[in-house]
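Please walk through the model below with attention to charged pairs, backbone exceptions and aromatic rings.

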Amino acid sequence: MSPVGKNIIQNIQNGQDIFSFDNASLDSPKAEAKKIAEDSSLASLLSQSPDQRVQGLTELANANNGITKSRARYLLAVDAIAQNRPNDALKWLENLDAEYDILANHIIVLRLKALEIAGDPNIEQQWRSLLAEKGENPLIKIEANYALRQENAAFWNEIITPEKTASPEANPDFYLKQHPKTITVVKERLKANPDSPELLRHLVNYAPDDPNIGTYLIQLEKRYGDRLTPQDWEAIGLIYWRKFQYGSAGAAYRKAAPTPQNAYRAGRGLQLGKKRNEAIAAYRKAIQTFPDAPETGEARVKLASLLPSRDRIDFLTQTIQQFPHLSGEAIALQAKAFDDLGSPKTAAQLRQKLLQDQGGSEAAAILRWTTAWDAAQNGQLANAIRQVQALVSRAPNSELAPRAGFWLGKWQTKTNNIDGAKQAYQLVLKTYPESYYAWRSASELGLPVGDFFSVRQLRPKTQIPQTRSPLPIANPVLQELYQLNQDQAAWEEWKARRNQRSPTIAEQFVDGTMRVKIGDYLSGIFLISNLASLD
């Protein structure tokens with residue numbers, strides 16, 4: 001991860017007020033309570049099991065006043081329901097919604113669920129009464145209708161009806177349509193009616209990360225492709241894109257609504273899918289339709305790589321004039337074109353220009369690394385060292401910088417410059433501490449991190465903070481659930497609110513964090529580490 005990426009994540013973790021959360025007003029309480037980190041008497045109990053913490057929570061629930069007492073009662077009720085002790089839960093939940101405003105609606109729902117487990121004969125009437133009294137609240141509306149779904153089929157019919165808005169996020173019922181309970185109802189109905197295009201469309205648009213989405217996608221395309229809207233094709237394209245099925249993604253994006261991103265992804269997907277002629281046509285359409293969009297600069301560079309060498313040179317000159325921030329990659333492609341045309345002298349001049357004028361670009365970093373590696377393989381260590389020193393100095397944010405810094409240390413060692421090698425390893429460890437090459441550098445420095453032969457035997461101790469850092473969003477309900485370690489409830493709240501098509505950096509960070517908390521480690525780690533590559 002680059003230093004820029006690390007700074008972004010550090011700002012997020014520090015809670016800097018640089019992001020907004022559009023859906024925060026759906027279920028906002030009157031005021032946000034003090035942070036869990038300030039609730040020291042409760043903090044030490046959060047990571048304990050229900051059996052371990054019952055005594056401590058009971059003492060807080062009986063002795064304290066204010067938010068600590070309310071939080072303790074809520075946790076005791078949640079634990080009691082999980083252990084099938086509904087009567088104990090009802091005791092702790094009594095009148096709790098009146099004093100614990102942040103989670104008032106969750107408490108009301110929890111109370112009825114406890115009554116349901118206890119076998120209350122009037123439970124359905126109580127759900128009806130709650131719906132009549134507080135049905136304007138999205139959480140109450142979804143939970144009550146889910147409990148009464150056998151009789152409230154009309155509600156679900158309306159929620160599943162295809163939207164008329166340009167995107168799912170613009171729909172006023174977005175929370176309801178995307179809520180996990182709605183997705184459950186859609187999948188239940190799909191079992192009874194597996195050929196329903198409306199149900200398949202709903203899952204594709206609102207549950208793109210469902211484990212079975214690939215099956216739903218194939219059914220929808222195969223049977224109803226001629227009935228799909230541009231919005232549907234955008235959703236389909238995004239699913240394929242995130243599954244790295246780029247050829248299929250490009251084909252879908254060609255049928256999506258014409259936006260700069262969709263137009264670019266149509267070309268790029270087809271290119272990665274080895275459909276050269278189709279990719280060229282898609283790129284040309286993107287350039288013609290959105291000549292000044294930021295994505296069009298990338299489209300022009302990618303198109304140039306597909307053009308014959310003679311056509312590429314002038315096209316890239318125009319690209320540099322219009323999108324100067326892409327000069328590095330464009331010059332590198334021009335140099336390759338002159339190589340192909342038998343003009344190595346001109347190609348060399350362009351590469352020198354690249355290193356001088358665009359030395360901080362990724363294209364320059366790639367050129368320096370390639371030159372350094374070739375030089376080292378041929379025993380020209382002095383040249384290799386000069387190249388990687390320039391790379392680390394001029395392009396510290398390059399993906400190649402950690403690797404270059406590590407090999408700088410290795411090559412310095414071979415030239416008996418032990419101090420220089422040590423400085424190189426220390427620089428990698430300090431500047432890129434999360435990288436693979438930081439580990440290798442630490443090993444070279446003799447730190448107790450193991451090597452290729454011993455690392456599996458190491459069992460390092462980890463110190464996990466008692467409390468969690470706040471999430472970088474403005475929704476107090478989700479914040480409270482997350483910091484109380486109520487991960488499943490927090491995940492449901494997040495899934496109903498998140499923007500899945502074009503998340504902000506903050507939203508992607510939260511999505512990754514929440515996935516890790518529910519055990520979806522690989523997806524969560526990927527989303528967070530991928531932040532470094534975002535603009």
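The paragraphs below take up salt bridges, a helix and the loops after it, and then the aromatic residues.

The model is predicted. Over the whole structure, a search finds 29 salt bridges. One of them joins the side chains of Arg-53 and Asp-79, with N and O 2.9 Å apart. This pair links distant parts of the chain, since Arg-53 belongs to helix 3 (residues 50-63) and Asp-79 to helix 4 (residues 67-82), and 26 residues separate them. Are Arg-53 and Asp-79 buried or exposed? Both are buried.

Helix 4, which carries Asp-79, can be looked at as a whole. It has 16 residues, and its first and last C-alpha atoms are 23 Å apart, close to the 22 Å expected at 1.5 Å a residue. The helix is mostly covered, with 15 of its 16 residues buried.

Just after helix 4 comes Asn-84, with a positive phi of about 60°. Most residues other than glycine have a negative phi. Asn-84 is not a glycine, yet its phi is positive. The residue lies in the loop between helix 4 and helix 5 (86-93). Why does Asn-84 count as exposed? Its relative accessible area is 56%, and exposed means over 50%.

Asn-95 has a positive phi of about 60° although it is not a glycine. Its place is the loop between helix 5 and helix 6 (96-99). At 54% relative accessibility, Asn-95 counts as exposed.

Back to the charged pairs: Asp-88 forms a salt bridge with Arg-85, and the closest N and O atoms are 2.7 Å apart. Asp-88 is partly exposed, with a relative accessible area of 30%, and Arg-85 is partly exposed at 31%.

Another salt bridge is made by the side chains of Glu-278 and Arg-254, at 3.6 Å from N to O. Glu-278 is in helix 18 (residues 276-289), while Arg-254 is in the loop between helix 16 (246-253) and helix 17 (260-272), so the pair ties together parts that are 24 residues apart in sequence. Glu-278 counts as partly exposed because its relative accessibility is 37%. Arg-254 is also partly exposed, with a relative accessible area of 40%. Beyond such pairs, salt bridges link Asp-209, Arg-498, Asp-511, Arg-515 and Asp-520 in a network.

The aromatic residues come next. A search of the whole structure finds 19 aromatic pairs. The ring centres of Trp-373 and Trp-411 lie 6.2 Å apart with the planes at 45°, so the pair is tilted. It links distant parts of the chain: Trp-373 is in helix 23 (residues 362-377) and Trp-411 in helix 25 (residues 401-414), 38 residues apart. Trp-373 is partly exposed at 31% relative accessibility, whereas Trp-411 is buried at 2%.

Phe-406 and Trp-407 form an edge-to-face pair, 5.6 Å centre to centre and with 80° between the planes. Phe-406 counts as buried, at 0% relative accessibility. Why does Trp-407 count as buried? Its relative accessibility is 18%, and the cut-off for buried is under 20%.

Which residues make up the aromatic cluster? Trp-369, Trp-373, Phe-406, Trp-407, Trp-411, Tyr-425, Tyr-436, Tyr-437, Trp-439 and Phe-452 form one cluster. Phe-453 is found in the loop between helix 27 (436-444) and helix 28 (476-483). With a relative accessibility of 76%, Phe-453 counts as exposed.

The loop between helix 27 and helix 28 also holds Gln-463. This residue is exposed, with a relative accessible area of 80%. The C-alpha atoms of Gln-463 and Lys-302 are separated by 46 Å, and the two residues are 161 residues apart along the chain.

Finally, there are charges placed over rings. The charged end of Arg-149 sits over the ring of Tyr-146, 4.0 Å from the ring centre. Likewise, the charged end of Arg-468 sits over the ring of Tyr-482, at 4.8 Å from the centre.

Conventions: Residues are numbered from 1 along each chain as its sequence is written. This is a predicted model: local features need pLDDT of at least 70, side-chain atom pairs count only at pLDDT 80 or more; totals for chains, interfaces and linings use all residues. Side-chain values use heavy atoms; hydrogens and water are left out. A salt bridge is a side-chain nitrogen of Lys or Arg within 4 Å of a carboxyl oxygen of Asp or Glu. Helices (H or I, at least four residues) and strands (E, at least two) are DSSP runs, numbered from the N terminus. Buried means under 20% relative accessible area, exposed over 50%, partly exposed in between (1.4 Å probe, protein chains only). The expected span of a helix is 1.5 Å times one less than its number of residues. Rings of Phe, Tyr and Trp (its six-membered ring) pair if their centres lie within 6.5 Å; planes under 30 degrees apart count as stacked, over 60 as edge-to-face and the rest as tilted. A charge sits over a ring if NZ of Lys or CZ of Arg is within 6 Å of the ring centre and within 35 degrees of the ring normal.
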